[in-house]
Structure formats: structure tokens, C-alpha cells
Amino acid sequence: MFKIATFCTLTVSTEQVLYPLVINAGKLNKLKEFSALNKPAFQIGTHQFDSKVILAPMAGVTDRPFRELCRKFGVSLAVSEMVSANPKVRDTAKSQLRLNYRGESGPRAIQIAGSEPKLLAEAALINQRDGAQIIDINMGCPAKKVCKKAAGSALLKNELLVEQILKTTVNAVDIPVTLKIRTGWSKSNRNGVTIAKIAQDCGIQALAVHGRTRECGFHGEAEYDTIAAIKQAVTIPVFANGDITSAKKAKYVLSYTQADAVMVGRAALGRPWVCKEIDQFLQTGHIIGKISPQEVVGVVIAHLKSLYSFYGEYMGVRFARKHVNWYLKDQPSGIKFRKIFNQLESSDSQLASVRNYFELLLNGEEKTA
Ligand SMILES: Cc1cc2nc3c(=O)[nH]c(=O)nc-3n(C[C@H](O)[C@H](O)[C@H](O)COP(=O)(O)O)c2cc1C
């Protein structure tokens, strides 16, 4: 049975820790232990994060409803989908939806992509004005659409341009700027460590590293040696990303790389609770039980409702199809259901069919129990 545990977070200010220096050594040691126990998992600027689980930015997926859902499952930082820094693209309806983070529980981290330092700085400034609390720069995406314009991971080839982009953007805003990279351009040119050092020198405050090169795309397995080398080379927080699919894998990657947190992407598609499984295991060493079908249906229904409310009926129904397909990808009976579900044109019929599907599933389970 899947249970959501609540954690009590106590924040200790520097004054609270330093002031009692006049009191006896025993008490001081206790205070030191206390403050170490309550140390945040990592920090970006003044933002403190209690969980070592971060949601990877995923275009077409990590919209506001999905970010908020994953936060409920223990994600501490949920980065937005990337938005182009190009003003022509920035102002499209699609980009505006991606930039809709008003009212979102923070910290609101917005990812921008582009190759022109001035435009990236401008985009960062606009987002700061609109309520972003962290700006993330995308140098990790291998998509042709992005790379053709020498943005995303294509930039890793041009270290001088990387430096100009990072310096200009960091200097343009008062909020922290973070960076997402791959381990390098190609297997024969893994310059992740050099890029990481440039980033730190330019004032970047945290670095997420996907353990593949641009050339690898999504092929092969992520490698963590370069991430470990990057962690050794810089003092800013480093987040390990790539193929983190379970609590045990997350623990292994954290221990192997010494990274400050793990960034989870595809494993959360249709399985946002994997973030809670990872968070719980990292915090307590216990693997929590499997989520029950009753709980899954509750999550799916709440997710669909938030999609309808965020996108409106027409687009909400279309986004819901994608997510329901992911939720049911491991259910043998899901294939037939998905075909029917994908034909449904209204939110009411989608909700009713999801409820019906899970009711049948539960009845079937009860009968076989
Ligand atoms: C559908 C999809 C969309 C993505 N969009 C972005 C994006 O907008 N920005 C970005 O930096 N990375 C993007 N990525 C890459 C992920 O953030 C992540 O680095 C990659 O999926 C590896 O992590 P994983 O193995 O946990 O999925 C995307 C990945 C997927 C699957």
C-alpha cells in the first residue's frame, strides 16, 4: 500500500545556531547535531530544498499541472518546459502557456533556450519580472529543432559562446541562474568538466548533468563517471540525470557521483509516485509499498481535472490522452482501453471512462483475491 508520509521541516537560522555560542559545549554540540540534521538537501541562492528529488524539464510534459502533481510526490524542484528566448517564438500561445506559472507553489524555475546572449538575458529578465524565481538555461536538449539553431546541447561545442551566454544572463537578473548540460558534445569530446568550471566561474548556481553526450541522443545507457568528475571539479550543487528509474538506482547514482540530488525525467511519465518512492528511500532507507489501484485512480482523476482547468476543454482533453496512455502503459488490459479513450472528445466522458476502467480492474482483483 502506498502511503504519503508527512515530514516536519524545521528551519534553523544562522542566528539561532550562532547565538548560543556562549552556552556550554554540550548544548553546543547538540545544536550542531540538530542543525546538521535539518540541513537542506541542497540550496540554490536563498532557496532551500528538503528533498533530493528534482523533476527534469520535459517539453510537452512538465506543464504546471504535472509540476504541481510531482511536488505532491516529494519533488523539491520542478523545472518548467523550455521556452525559446527568441521573441518571435516567446510570444506564441504555446510559449505563453509554458510561461503560465502564476500562483504556482515555488520555487518557480523557468527554463530558457537560445544561442544569442542578448536574447537569453532579455528572456531571463522578462521571466524575472513575471515571477520566475530561478532561471534555468538549456544546454542539454539534443532536439534537431533546437540544435539547428545551435541552441540546447549544440552549444557545448562552442565554449566561448557558452561563457558569453552565461555571463550575460547571470548579470542581467537578480535571481539565481542554473544550467542543464549533457556530458559533452560527443563521446570523443566529453567537455562536461570544462563547461562546469566555466559555468561556476560565470556565477551559475547549480548544474544538472544528463549522463549522455549530444551525439548519444537517448541511446545507450547514461554514464555517471563524467557526472562524478564534474562534482569533483566544482563546488556548486550538481544534479545527476539520466535513467534514474527507481529508488535503488537513485541511491546508487547519488553515492557513485556524490551529486547533490537526482533529476528524474521519463520514469515519472505515468508514474509520478516514483518520485515519492525515491524520496522516501533516500530519507529513510525504506522502500515503500506499491501504490494501490484505488490510489492510482485518485491520482489520474485529479491530474486530468487539473489539465482541463489549465488548458480548457479542447486542449485539456488532448493532453489527457497522452498522460492516460502513460498511466496505463504497464496494464495488459490498457491497450484496448487506450484505443477507446483516445477517441473520446469530452472531459466528462474521459473521466467517466477512467473511473469505469479502474472499477472493473478493482472488481477483477477482488474476484481473484
Ligand atoms: C519528452 C521529453 C521532453 C524533454 N524536454 C526537455 C526540455 O524541454 N529541456 C531539457 O533540458 N531537457 C528536456 N528533456 C530531457 C530531460 O530533461 C532529461 O534530461 C532526459 O530525459 C534524461 O533523463 P531521464 O533518463 O530521467 O528521462 C526532455 C526529455 C523528454 C523525454
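Let me begin with the buried residues of α12, which pack against β3 (53-55), α3 (64-72), α11 (247-257) and β10 (261-264); here helices (H or I, at least four residues) and strands (E, at least two) are DSSP runs numbered from the N terminus, and two residues are in contact if their C-beta atoms, placed from the backbone, lie within 7 Å. This is a predicted model, in which local features need pLDDT of at least 70 and side-chain atom pairs count only at pLDDT 80 or more, whereas totals for chains, interfaces and linings use all residues. Residues are numbered from 1 along each chain as its sequence is written.

Within α12, residues 274-284, the buried ones are Val 274, Cys 275, Lys 276, Glu 277, Ile 278, Asp 279 and Gln 280, where buried means that 20 or more other C-beta atoms lie within 10 Å of the residue's own, exposed that 12 or fewer do, and partly exposed anything in between, with C-beta atoms placed from the backbone. Just after α12, Gly 285 takes a positive phi of about 80°.

For the protein as a whole, there are 16 helices and 10 strands, and buried residues make up 42% of its 369 residues.

Turning to the second pair, α13 (residues 293-311) and α14 (residues 313-327) pack at an angle of about 150° with their axes 7 Å apart, the axes being lines fitted to C-alpha atoms, for helices over the stretch in contact, with angles from 0 to 180 degrees between N-to-C directions. That makes α13 roughly antiparallel to α14, since angles over 145 degrees count as roughly antiparallel, under 35 as roughly parallel, 65 to 115 as roughly perpendicular and the rest as oblique.
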